[in-house]
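Visitor: Hello! Could you walk me through this structure with some questions and answers?

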Number of protein chains: 2
Amino acid sequence: MRSIDWNDESKTVIMIDQTLLPGEYKVIECKTLSTLCEAISSLRVRGAPALGAAGGFGIALAATLSSAASMDALVKDLEVAAATIKATRPTAVNLAWAVDRVMHAIQDAYNVDGIRDVTIEEAMRIADEDVIINKKLGEYGAKLLDDGDTVMTHCNAGKMACVDWGTALGVIRSAVLAGKEINVIACETRPLNQGGRITTWELMQDNIPVKLITDSMSGHVMRKGMVDKVIVGADRITEDVVFNKIGTYTHSVIAKEHEVPFYVAAPVSTFDFDGWEESVKIELRDPDELRFFGKEQLAPIDVDVYNPAFDATPMENISAIITENGIFEPPFLLDEVKM
Amino acid sequence: MRSIDWNDESKTVIMIDQTLLPGEYKVIECKTLSTLCEAISSLRVRGAPALGAAGGFGIALAATLSSAASMDALVKDLEVAAATIKATRPTAVNLAWAVDRVMHAIQDAYNVDGIRDVTIEEAMRIADEDVIINKKLGEYGAKLLDDGDTVMTHCNAGKMACVDWGTALGVIRSAVLAGKEINVIACETRPLNQGGRITTWELMQDNIPVKLITDSMSGHVMRKGMVDKVIVGADRITEDVVFNKIGTYTHSVIAKEHEVPFYVAAPVSTFDFDGWEESVKIELRDPDELRFFGKEQLAPIDVDVYNPAFDATPMENISAIITENGIFEPPFLLDEVKM
């Protein structure tokens with residue numbers, strides 16, 4: 001199944017609970033808006049595109065549950081729901097964007113039932129579009145991979161971060177679909193270990209060979225000639241840099257040192273050419289992420305910690321950016337990417 | 001106190017239990033040889049020089065506990081003890097070396113009490129010599145650090161890996177002792193987190209400011225200009241490379257990219273100029289180190305893992321090697337180092 005979906009029979013939102021992976025695979029059903037909001041805020045669903053789908057389905061769920069008999073009353077209910085959903089993760093741009101998109105779509109409805117139908121249709125469209133974009137991006141990117149390649153990746157830019165298929169992992173899936181044999185090296189991605197927990201799990205589900213390493217081993221494996229290409233996702237692409245999960249920049253320097261191609265796979269929606277590196281503030285996350293893993297203590301409880309969520313990789317370290325509109329080698333103009 | 005020491009009143013071996021750090025600081029007393037052997041094999045004491053001291057003190061403990069009334073009987077008891085101690089960690093060169101050194105020293109004794117005294121004296125000498133070497137090395141290295149420097153380090157090349165003072169951390173301690181203000185950035189050092197668990201704890205004990213980061217952040221912090229120098233320890237130095245904890249090579253490439261000096265601090269005993277990189281087999285460790293941390297699951301239990309204990313950093317990435325005989329810039333001849 002997709003990482004998140006609409007169950008049309010029971011009129012509920014279903015999702016794979018990512019907090020339980022890889023120990024347990026559990027599909028949870030959100031029958032109420034509060035269950036869905038809890039799932040978003042506690043990261044049972046995560047990743048920008050997946051959160052977009054969650055936001056859209058959230059409005060559909062609210063519309064289904066509302067007992068409003070008039071259009072005005074229903075719209076009011078949905079406005080409250082929209083604010084509630086957005087508040088679960090206020091900095092998640094895709095979540096708010098998808099909620100607003102569904103709220104905008106209902107303006108075309110003629111009656112109460114029409115509004116309900118439109119919310120479901122528009123939310124489904126958001127999810128479907130994401131899959132279509134990933135598959136297009138995957139097809140372009142697959143051309144960059146050769147049969148027999150070993151590809152290193154960082155964090156999780158896969159199906160579980162999107163609705164399905166994935167960006168970096170989507171490229172790998174498309175190459176495998178095209179009949180190429182691809183081996184993956186997954187960096188565990190401290191401190192939250194999305195690479196170790198989710199990327200490995202996803203690929204093992206698809207029978208794509210994957211080997212887990214610590215982030216610090218990237219130098220060693222590239223020096224030993226064990227890596228043919230690196231592919232990562234992106235959180236935000238400005239004219240000068242790619243923002244992605246902390247650790248990406250380190251891998252890019254190592255790849256440059258060993259002349260290993262370093263690719264970024266990201267949909268066009270990730271590009272923000274109005275911004276520059278200096279205009280983006282990197283989120284500092286909870287120090288306890290480095291002091292504990294679950295119940296295990298990793299460091300003195302009062303140790304000073306520096307825990308940036310992202311880093312910035314300059315364009316000169318990037319061989320190409322793979323999008324649904326094609327492959328772009330820096331330097332390039334945003335107009336070319338947006339077509 | 002030292003990481004390991006001889007308690008002359010109770011005639012026992014005392015040590016800081018490193019498996020409990022940083023959650024708990026506990027000094028354990030080994031009153032029997034089996035307690036000491038258990039402490040060695042379960043890594044309550046670890047690090048090459050510290051294991052040397054443990055081996056020496058082990059023979060002293062066996063001599064104290066033996067009820068043998070004749071020299072022959074006592075030597076036989078000690079030979080059994082020597083074999084038992086060496087078997088706890090058969091690949092630890094320093095452990096066997098120290099045991100043999102004490103066993104050799106007893107040849108000069110005239111009677112049973114003399115043997116007992118010699119074992120204690122020689123074991124103490126081994127421990128003392130290690131501290132003297134570290135302090136000499138520290139004094140040389142301290143000259144490379146400037147007041148106000150931020151120094152990044154990896155793993156634990158500190159007091160807890162030695163008897164006292166440390167190698168990489170010894171250089172930092174000596175600089176602080178000389179009145180310089182030094183800030184440390186400690187990489188957590190996956191998968192066993194010696195940096196996060198032990199280096200941070202050691203430095204906090206000494207009130208030396210330390211900030212913990214994930215290993216993958218080294219690129220980001222150096223790009224941001226947050227690091228003035230890198231100092232690491234070494235497990236083995238051949239003519240072409242330095243073998244050290246996995247991740248060291250990655251940091252060396254990042255340091256080179258940002259023109260940050262990259263220093264290795266190691267006693268002369270670490271040099272093995274008969275060997276080359278290709279002649280050394282890198283130990284592959286238990287895959288479960290990447291699948292679990294304590295009781296917490298980090299990855300699918302059946303995921304394929306690559307877990308080399310060490311990596312090799314070529315001399316071209318190293319600015320200088322700091323020893324008790326002075327500072328050496330590659331390329332250099334072993335004769336110069338050995339004086």
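This is a predicted model: local features need pLDDT of at least 70, side-chain atom pairs count only at pLDDT 80 or more; totals for chains, interfaces and linings use all residues.

**Strands, neighbours and an interface**

Visitor: What is the bridge partner of A:Thr323 in E16(A)?

Guide: Strand E16 covers residues 326-328 of chain A, and 3 bridges join E16(A) to E15(A) in the antiparallel sense. A hairpin through 2 residues links E15(A) to E16(A). Across these two strands, the partner of A:Thr323 is A:Gly326.

Visitor: Are the residues on the two faces of strand E15 buried or exposed?

Guide: In a regular strand, side chains alternate between the two faces of the sheet. In E15 (residues 320-323) of chain A, one side holds A:Ala320 and A:Ile322, while the other holds A:Ile321 and A:Thr323. Both faces are covered, and these four residues are all buried.

Visitor: How much area do chain B and chain A bury between them?

Guide: The size of an interface is often given as the accessible area lost when the parts come together. Here 58 residues of chain B are in contact with 58 residues of chain A. Of the area buried between the chains, 62% is on carbon and sulfur atoms, and the total is about 4,800 Å².

Visitor: How many salt bridges are there between chain B and chain A?

Guide: One salt bridge joins A:Lys256 to B:Glu257, with the closest N and O atoms 2.8 Å apart. That lies within the 4 Å cut-off for a salt bridge. Between chain B and chain A, the salt bridges number 10.

Visitor: Which element gives the largest share of the side of chain B that touches chain A?

Guide: Several elements of chain B each supply at least two residues of that side, including helix H7 (194-205), strand E6 (210-213) and helix H9 (248-257). The largest share is 6 residues, and the element that supplies them is H9(B).

Visitor: How many nonpolar residues are on the side of chain B that touches chain A?

Guide: Sorted by class, that side of chain B has 15 polar residues and 15 charged ones. The nonpolar residues there number 28.

Visitor: Which residue is the bridge partner of A:Val305 in E6(B)?

Guide: Strand E6 of chain B pairs with strand E5 (residues 183-187) of chain B in the parallel sense over 4 bridges. E6(B) also pairs with strand E13 (residues 304-305) of chain A, in the parallel sense over 2 bridges. In E6(B), the partner of A:Val305 is B:Leu212.

Notes. Residues are numbered from 1 along each chain as its sequence is written. Chains are lettered from A and ligands numbered from 1 in the order in which they are written. Side-chain values use heavy atoms; hydrogens and water are left out. Contact means heavy atoms within 4.5 Å. Buried area is the accessible area (1.4 Å probe) that two parts lose on being put together, summed over both. A salt bridge is a side-chain nitrogen of Lys or Arg within 4 Å of a carboxyl oxygen of Asp or Glu. Ala, Val, Leu, Ile, Met, Phe, Trp, Tyr, Cys and Pro count as nonpolar, Asp, Glu, Lys and Arg as charged, and the others, Gly among them, as polar. Two strands pair if DSSP finds at least two bridges between them. Buried means under 20% relative accessible area, exposed over 50%, partly exposed in between (1.4 Å probe, protein chains only).
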